[in-house]
Structures are given as structure tokens and as C-alpha cells.
Amino acid sequence: MINLQQIEAAFVDDTIKGMPGGMTPVRLGDIGIQGWNLLREDLPLPLAVLHDSALRHNGDWMRRFLAGSGARISPHGKTTMSPQLFSQQVNDGAWAITLGSVQQLQVARHFGFERVVLANQLVGARSIRFVVDEIARDPAFDFYSFVDSVASVQRLAEAAGSARLERPLQLIVEGGFTGGRTGCRTFDEAMAVTRAIKRNAPYLSLRGVGGYEGLLQSDDAETTETRVNEFLDYLVDIAIACEREDCFGSGQVLLTAGGSSFYDLVAARFADARISRDHMVLTRSGCYLTHDSGSYLERFARVRHRTPSVDNLGSGPTAALEVWAYVQSRPEPRKALLTVGKRDISYDSRLPQPLKWLRPSPRAKAADIEAIPAGHVVTALNDQHCHLSIPEDSPLAVGDMVAFGISHPCTTFDKWQLICVVNDDYDIVSAVRTYF
């Protein structure tokens, strides 16, 4: 059972980035009653914040999309690594939480999450032992892991057999593609894995077929989407063959794919799978909850292009995550330096985008925020500095506050132990803890 009391009861002090110097330590659960407001400079910058209204909107939007498509979701927790946000996603109807490593699984288990999909290979004696022990210890632990080799099947079977598990380790055969990550590159390899799982019953059980299509990128969007659909067809072919050979164990068959770029294609392609067994289409998008102001904004435009029916669901996902910083120097007519850098904000997908600015004052309010004029462009990041190219007539002055939109939420979240949640007036209403 999910239990977040330990997080809410933990004390927060000024050793945590984003908290004000000299503060009296407070419980994390009490941050929302401190009366802090970002615009009134109650907290130091840089500061990453999440908009509560955007989080709610994005969760509601995905729920409507899934209801219309017939799919379910197991959102990838690696995006936020925040059990509080995992809990929000479960409350929104998530079937499970997806994770990418056993360390992430340990976090989820520590806080009581019962159904988990490990969308990766379970390897290493200590990691396998942890999973096997959890299955033996807790009858409510409903665990699924990807597997892509007979060698891995044998190791898992040996571990489960040695522990004499009374219920099987549930596995999903992973399909892959040349140049991709893990996953069986050929149909024959995938079938060899599924047959090995069947041979090792009752300690192992094949519960589904899965993969990850997000790396099937090209310079042309149409070509990319053709490749994605071909890969999804490959996964369906594996599932059909598994059913024909009676390789699946008991229970609903899982067909799972779908990062944060192509979940609409996954839902549509898998919905048409010619499988007579009862099956579930399970997407695994992690970034929908926070969205972003860069790559996923553009990718959602492609979702709208190829699946126009999503416009019937209302306005699409919106960016929930911002990082605020101060202008600290204007050393040249066309250059400003700001107090945010690689230690604070993502830069692996693309550089941050300055969105809006504010000249702070004791009575500052959201209505005082202005859009950043054209011509303001981030050109580089150092560890603690942002290089901003600006027009000579830029209104920005030393001490002004600038909000940046980010691209790729995962690598902003992992730079913050604590992220404040704000309302539309930028009052701090709560905070979420991350566990990277």
C-alpha cells in the first residue's frame, strides 16, 4: 500500500537547493503553509517549479485519451523519480508504474507501490535476489520484467527455482531493432526466448510482448512513423506466434510500448492486434505529466497531425515545469549572464528557452510577468551560468527574474532533490521530493 508519510514528515532545511538561507527547518508537508511566493523573492534562484494546474490538466487529458483509445498506462517513473507524482498518476488511473532500473524499483517498493513494470533487463545477482525476495515476501507485489535472451531466462529461472517461489516471475519478451537498445533483433530470437520461458514453468511465466520505439528517429517525420508502425507490427507478430504455440502463462496478455512521442500509434496499432486471448494495450509515456516547452511540444504537434481526433479531447498537454533565474550581469551590449546552468536545467535535448520575465518587487504578482521579447536566445550553459544573447534594447536588467522553459523533463528533474509546486499566482503550495 502506498505510504508517503515518510516523505511528508521529513525535515527540509537550507542545505537543499532552492530553500532560503537561515530558514528554520520545516517538514516537507508543511512547505505549502509557509506563505512563500516565488515572485516576491521568498526563495533563492535558480528554482525549478511545477505548476499544479498544469499537472492536473495533463493528467486529465491523458485519462481522456486512454478512455477513448481503450489503452491503459504504466507511466515511466524515471522521468520524475518522485513517489508523490507516482501516487498522483496511480490516482489518475495508472495500471502500474514503469521503472528502468532495480535502484528505481527499490524506491518504489520502499514507498509501497505494488504493481511495477521493469522496462529493462533484470540482471545481476543482487538485483535478481532483491526482486525474488520481494515476490516471496509480499503477495501483493505484482512485478513484470522485460527479457531478451535465453541466457537471461536461465539465470532468472535458476534464481526463482532456488527460492522455490510459489508464484512465477512474470516476464515480457522484448522485441528490438538494429541500432536500438535492448530487445530481440529477430523473430526467431524472440521465439527462442518465449519457448525457454515456457520450459521453465512454474517458476517463470510469459505475460506479454513489449518494446521501445522511441529511438526509431529519422530526419523525416513520415519515415519515422512508418518505421514505428513496422516495429509495432513486429511485436504483434511475436504475440500472435506466442499465442499459437501456447507460450503465454495465465492471465491477461500485455502488449506494451509507447514512450512519450508515439503513444497514439501504439494504442491504435495494438488495438487491432489479431490476438484471441484477452489482452491489454499498455503505454508507458513518462513525460506527459509535465510535458515541456521544446521537444515534446513539437512531438505533440505530430500527434495532432496523425491523430486529429485528439483535438476533441480539449487543449492538449501543457508545460508544467519551469526554471527561474536572475539576470546577474550585462557585461556586453548584446549579452546577459543568468544564474542557471548545467547543474540546474536540462540541455541534452536542446538548450533552455527564455519564456517570460519579471522585475521583482515586494508586491509582484503574476499579472506583472511579461513575455520575453524576440531575439533573446540561450547560446551556452556552464555549470552555474547561462549565456543569453540579447538585443541591445533588451529590457532585462541586473536583478530581473527570467523563467525558462525546458526540453526533456527527465534531465531537469534529476538536478533537484526538491521541486516546489506553485499555483497560478506563484504561491508555493507544496513540494515534491525526487530520488535519483
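Where does Pro 202 lie? Pro 202 sits in the loop between helix H7 (187–199) and strand E9 (204–210). The labels come from DSSP runs numbered from the N terminus, with helices (H or I) of at least four residues and strands (E) of at least two.

## Ground rules

This is a predicted model, where local features need pLDDT of at least 70 and side-chain atom pairs count only at pLDDT 80 or more, while totals for chains, interfaces and linings use all residues. Residues are numbered from 1 along each chain as its sequence is written, and side-chain values use heavy atoms, with hydrogens and water left out.

## Two cis bonds

Back to Pro 202: a cis peptide bond joins Ala 201 to this proline, and omega is about 5°. Another cis bond runs from Leu 45 to Pro 46, this time with omega near 15°. Pro 46 is also a loop residue, found between strand E2 (26–27) and strand E3 (47–51).

## Positive phi, buried residues

Now look at Met 81, in the loop between strand E4 (72–73) and helix H3 (83–91). Met 81 isn't a glycine, yet its phi is positive, about 45°. Is Met 81 buried or exposed? With 0% relative accessibility, Met 81 counts as buried. (Buried means under 20% relative accessible area, exposed means over 50%, and partly exposed is in between, using a 1.4 Å probe and protein chains only.)

His 291 has a positive phi as well, about 55°, and is not a glycine either. You'll find His 291 in the loop between strand E11 (279–283) and H10. His 291 counts as buried, at 6% relative accessibility.

Thr 79 lies in the loop between E4 and H3. Thr 79 is buried too, with a relative accessible area of 1%. Which residues does Thr 79 touch, not counting residues up to four places away in sequence? They are Gly 286, Cys 287, Pro 409, Cys 410, Phe 413 and Phe 436. Here a contact means heavy atoms within 4.5 Å.

## Strands side by side

Strand E12 (residues 321–332) and strand E13 (residues 335–338) pair in the antiparallel sense over three bridges. Two strands count as paired if DSSP finds at least two bridges between them. A hairpin joins E12 to E13 through two residues, and Ser 329 stands opposite Leu 337 in E13.

E13 also pairs with strand E17 (residues 386–389), in the antiparallel sense and over four bridges. Leu 337 shows up again here, standing opposite His 387 in E17.

## Two helices in contact

Two packed helices are described by the angle between their axes and the distance between the axes. For helix H9 (residues 263–271) and helix H10 (residues 295–306), the axes come within 9 Å and cross at roughly 35°. The axes are lines fitted to C-alpha atoms, for helices over the stretch in contact, and angles run from 0 to 180 degrees between N-to-C directions.

Which residues of H9 and H10 make the contact? On the H9 side they are Tyr 263, Asp 264 and Leu 265, and on the H10 side Phe 300, Val 303 and Arg 306. Sorted by type, the contact has four nonpolar residues, no polar ones and two charged ones. (Ala, Val, Leu, Ile, Met, Phe, Trp, Tyr, Cys and Pro count as nonpolar, Asp, Glu, Lys and Arg as charged, and the others, Gly among them, as polar.)

## Salt bridges

How many salt bridges does the structure hold? There are 23, each being a side-chain nitrogen of Lys or Arg within 4 Å of a carboxyl oxygen of Asp or Glu. One of them links Asp 60 and Arg 63, with the closest N and O atoms 2.4 Å apart. Because Asp 60 and Arg 63 are three residues apart in helix H2 (residues 52–69), about one helical turn separates them. Asp 60 is partly exposed at 30% relative accessibility, and so is Arg 63, with a relative accessible area of 37%.

Another salt bridge brings together the side chains of Arg 302 and Glu 225 (3.0 Å, N to O). This pair links distant parts of the chain, 77 residues apart: Arg 302 is in helix H10 and Glu 225 in helix H8 (residues 221–244). Arg 302 is partly exposed, with a relative accessible area of 23%, whereas Glu 225 is buried, at 8%. Both belong to a network of salt bridges that also includes Glu 222, Asp 264 and Arg 306.
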